[in-house]
Amino acid sequence: MSLISVSHLSMAIHSLAILKDLTFAIEPGKVFGVVGESGSGKSMTALALMGLLPGGARTSGSAMLGDTDLLSAPEDRMCRIRGNQIGMIFQEPMTALNPVQTIGRQVAETLVIHGAANRAEAMTLAREKLDRVGLPADRFPLDKYPHELSGGQRQRVCIALAIALRPKLLIADEPTTALDVTTQAQILDLLKSLVAEDGMALMLITHDLAVVSDIADQVAVMKSGEIVEQGNTDEVFRAMRHPYTRALFAASAHIPDRQARARDEPILEVQNAVRRYALPRRRLLGPAPTFTAVNDVSFTLHMGENLGLVGESGCGKSTLTRAILGLEPLQSGQIRLFGEPVAPGMANALRSGVQVVFQDPYGSFNPRWKVAQLVAEPFYLMQARPADWRDRVAEALVSVGMTAPDMDKYIHEFSGGQRQRIAIARALILRPDLIVLDEAVSALDVSIRAQILDLLADLSHRLNLSYLFISHDLSVVRAITDRVLVMQAGEIVESGRTEEVFTNPAHPYTRALIDATPKLPDRRV
Amino acid sequence: MLRFAASRLISLSLSLLAASVVIFAVIEVIPGDPAAFMLGLNAQEDTVAALREQLGLEGSVINRYFGWVGGMLTGDFGTSYTYRVPVADLILARMWISLPLALYALILSTLIAFPVGLIAAARRGRPADMGIMGVTQLGIAVPNFWFAMILVVIFAIKLRWFSAGGFPGWDNGFWLGLKSLTLPAIALALPQASILARVMRSSVLDTLDQDYIRTARAKGLNRSQAIWRHGLRNAMIPVLTIIGMQFSFLLAGAIIIENVFFLPGLGRLIFQGITQRDLIVVESGVMLLVFAVITVTFLVDLAYAAVDPRLRRRG
Amino acid sequence: MKWPKTLILGGLIFATFLGAALLSLVWTPYPVDTLAIAAKLKPPTSTFWFGTDHFGRDIFSMIMVGARTSIAVAIVAVGIGITLGVPLGLAAAANRGGWLDEVIMRGNDLIFAFPSLVIAILITAVFGPSALNAIIAIGIFNIPVFARVSRGGALSLWTLDYILAARVAGKGRLRISTEHILPNIANLLIVQGTIQFSLGIIAEAALSYVGLGAQPPTPSWGRMLADSQTMISFAPHLALFPGFAIVLTVLGLNLMGDGLRDILDPRIRRARG
């Protein structure tokens, strides 16, 4: 007997079809994975089961929980089911909790609202639940506020309030996407143990095939509102009957075709770099405390080399990037580009030797400029914009797989992947030797990511470019770099040839990072 | 929380200090000698000098500034040129009309705006909401002193429910005093209530889109429970800002509206001070107004911290 | 692009008053600077649409000329606010957390402690009353308003990657502020501009009403209301029409502001799309 059986679920918002004829079943005590790229309708499926679809949504079909149809049950019935029989957690733990209420009250509220306990009892139970999700009383008293907790800790609070009444099903919508890889591993372990020990079913929605293959008993692969393939996880991933599943898998495991071409000729030398920030003063008089974001970092990047820099959020990699780009000063140490010192006041000619591609394809462009202006912006570094600048913009666009007429369009006419290509064109326009790729593929869906990685590998080969590839994603770094630096708390804890570091990590932190990274099952086609 | 309050208190004192310098400097640049002005053209030079001495106009700028500030700190605001009585007594008597009027209007405005804004938010897009939005749109456009004149015509001249103006004084009973401030307070409050209700509505609607409301819904709270338990307190943060700003508008409005109702408030004292070049009265009256505005800003800051725990830690 | 109804309606109302103000430069139904005591305090008729005042002047004509004062004062005051406030706000944002930011923001807080009425009182105490006082007083109060709006808008833009890209392209703060920030906060400024414009109309009326603004013989809606006050019990039309003029102008501007926000504010556009 299935816990929830969904049959022919379709959903449209106004006249736009979002979900098309979904049929699946969630078994008690099992993990049901839903995987797909953005826009595939996976989150909407979960919201449909919760009865929390946005206004204007119309559903058809049925979703039976026992003898209740979740799609047609009246609102008061759904209120008794939500939080009681089905709990749900969301992607963004930083905003998922009420900022002006203590975590204890927020967990206890689930119990109070369903009449399971009075306020005092609920607080006692809330304490137990917080203990259960790994937030012990001595460090996380009930009267803490959300802003005093990290993202991972907040996600644990969300889990605690979702499971407070031991629901039969927990729906987790991209629960670890916003978290660092080591935190992700801990949260996934917690979810696994809740399933194993409390007999709860879990519907896990994710874009990450590796996460699904690691944790799910059953999996459904979604594309454009349809389930293209479903079944037992092992079987689905072994057989991969549907071409989309195969494509998704291939893209996730994609390694661009490239070979190392590093010459023993340094482009970028970082020597004992230190960057400190002043923090807000704790007392009115007296020195402001400082935070050392980059602490005594040294490395060299050679001509033609693809160097990776991995680390979790807050490790100092962004600060280091800005220092390398000459946007922020160092407190001590030195950065040299082609032997010349890098600093905020450096010459434009030197600046033009290093360009950058950022993470966010939506925030990387002034929305009021045309593509031609955007791509040509780095010409500002030259004495005067060359007479043939439009030809050079066209050439750069073509080299990244766009077309010359694209330059007269505005940026909002392009998709995320196309925008990232335009960002690369902008970085190429001055024909620099070094491009800094700051999480340049992190915001992209896997299929687009694979294409951009191929493009980067191809450009590096054709134009003899060097890359400093900064990312939190180990599998991407492994795919595209020759050498890797591992950064933790402002320091480089390990460096070496990429394959060596990944197969034989020396530092415990590197090992922890690698262990925490979910792995795709070996392909047995 | 205590440290937050202390740091706000320091910034309050600094603001007051800066404001006093600005006011003093502006009054300093006034052309002409007030003593000579007061005594007329034919005054003897030594009489003028004696008056200057008496008015505290002698000495260096720095000494006079500190004399003025030091005096205010000890409750001595100097002597009015024209009334020949201590300014402190004059202002205090007038303040007891203007300040209660502004507060009365603030309370009315808040009492009206909260339920109206909430109803509009809860009925978003329905006739009740559209009606409220239309009426408040009109309410914002109405100048309070003109509205006051209309109220006088209707409720004092035609219906004779209220007197057309004047103030009996608090000594003749609290309720009588309150009644004579009621029409002015309504005139002040309704335009401000229109603004506040709209802010309240959009603030509540903004919080409804927040992730934590979705979390609350996923816990099993229904829509209105989610609004009451989680939306309202968060929605209060921008509303508080507006309430704080409204106080200074209402105080300024109170001073203007005194003219409609012939109330012997601070405004009329200051306007007379201007025409009679009684600069000590103007200077101290303005300082007191600014003091009231800055103090309310301070109280709003404290209210922020009470609502939002994220602020309490900051200095 | 489909124009919001509020923008069209508000625009029409405001355009009517703007047109009347401009027309009054060359023509009014009756002269407003000559007295005709014989025709004093006439109620509205077909000859005097809005009636006449205690000097026999035509109210309709005076409202046309008064529109000129109101709109001119409010426009110049908004202009003062924008020309001084926006650069300050941009400079503060470009130096976020630095001493310049601190000085500008504390200066802003200080001005906020002086309601425009108080500024007008101080200026009048020094220089005597005039319409120029009203402009300066309202204009000064507009400075921190625009400084805050532009700083807030600019700060959120400064965190975006295209600003970093511009810095990598060697552009300085000034050039980035003018090339990238200003065009992208123009929407906010236009919307705020209409709001301050309508507040300026009300403030001018209030200042003129208490005698701190336009002085006779300059016709002004606020002064017309002040003059009407003693006659309100037997000639309410004296108070009614200038009041309607203020309400309609402000309403028109506010409706325009709402409509402009609907089409210009990207936050609302996103919420709709």
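This is a predicted model: local features need pLDDT of at least 70, side-chain atom pairs count only at pLDDT 80 or more; totals for chains, interfaces and linings use all residues.

Analyst: Happy to. In chain A, strand 9 (residues 218-223) and strand 10 (residues 226-232) run antiparallel and are joined by six bridges. One of the pairings is that of A:Val221 with A:Glu229 in strand 10. Two residues lie between the strands of this hairpin, and A:Ser224 adopts a positive phi near 45° there.

Now to the part you asked about, where chain C meets chain B. Chain C brings 35 residues into contact with 41 residues of chain B. About 3,300 Å² is buried between these two chains, and carbon and sulfur atoms give 84% of that area. On the polar side, five residue pairs are in polar contact across chain C and chain B, counting pairs with both residues at pLDDT 80 or more. There is one salt bridge between the two chains: C:Asp258 pairs with B:Arg198, with 3.3 Å between the closest N and O atoms.

Which elements build the chain C side? At least two residues each come from helix 3 (99-112), helix 4 (116-127), helix 7 (173-209), helix 8 (221-228) and helix 9 (237-264) of chain C. Helix 9 of chain C gives the largest share, 11 residues. Sorted by class, the side of chain C that touches chain B has 28 nonpolar, six polar and one charged residues.

The contact draws 19 residues from domain 1 of chain B and 21 residues from domain 2 of chain B. Here the buried area is about 1,800 Å², with 79% from carbon and sulfur atoms.

Between these domains of chain B there is one salt bridge, formed by the side chains of B:Arg8 and B:Asp301 at 2.9 Å, N to O. One residue pair is in polar contact across the domain interface, again with both at pLDDT 80 or more. On the domain 1 side, helix 1 (2-28) and helix 4 (61-73) of chain B are the elements that give two or more residues. Helix 1 of chain B supplies the largest share, 13 residues. By class, the side of domain 1 that touches domain 2 in chain B holds 15 nonpolar, two polar and two charged residues.

Technical notes: Residues are numbered from 1 along each chain as its sequence is written. Chains are lettered from A and ligands numbered from 1 in the order in which they are written. Side-chain values use heavy atoms; hydrogens and water are left out. Two strands pair if DSSP finds at least two bridges between them. Helices (H or I, at least four residues) and strands (E, at least two) are DSSP runs, numbered from the N terminus. Contact means heavy atoms within 4.5 Å. Buried area is the accessible area (1.4 Å probe) that two parts lose on being put together, summed over both. A salt bridge is a side-chain nitrogen of Lys or Arg within 4 Å of a carboxyl oxygen of Asp or Glu. A polar contact is a pair of N or O atoms within 3.5 Å; within protein, one must be able to donate a hydrogen and the other to accept it, and residues adjacent in sequence count only if both atoms are side-chain atoms. Ala, Val, Leu, Ile, Met, Phe, Trp, Tyr, Cys and Pro count as nonpolar, Asp, Glu, Lys and Arg as charged, and the others, Gly among them, as polar.
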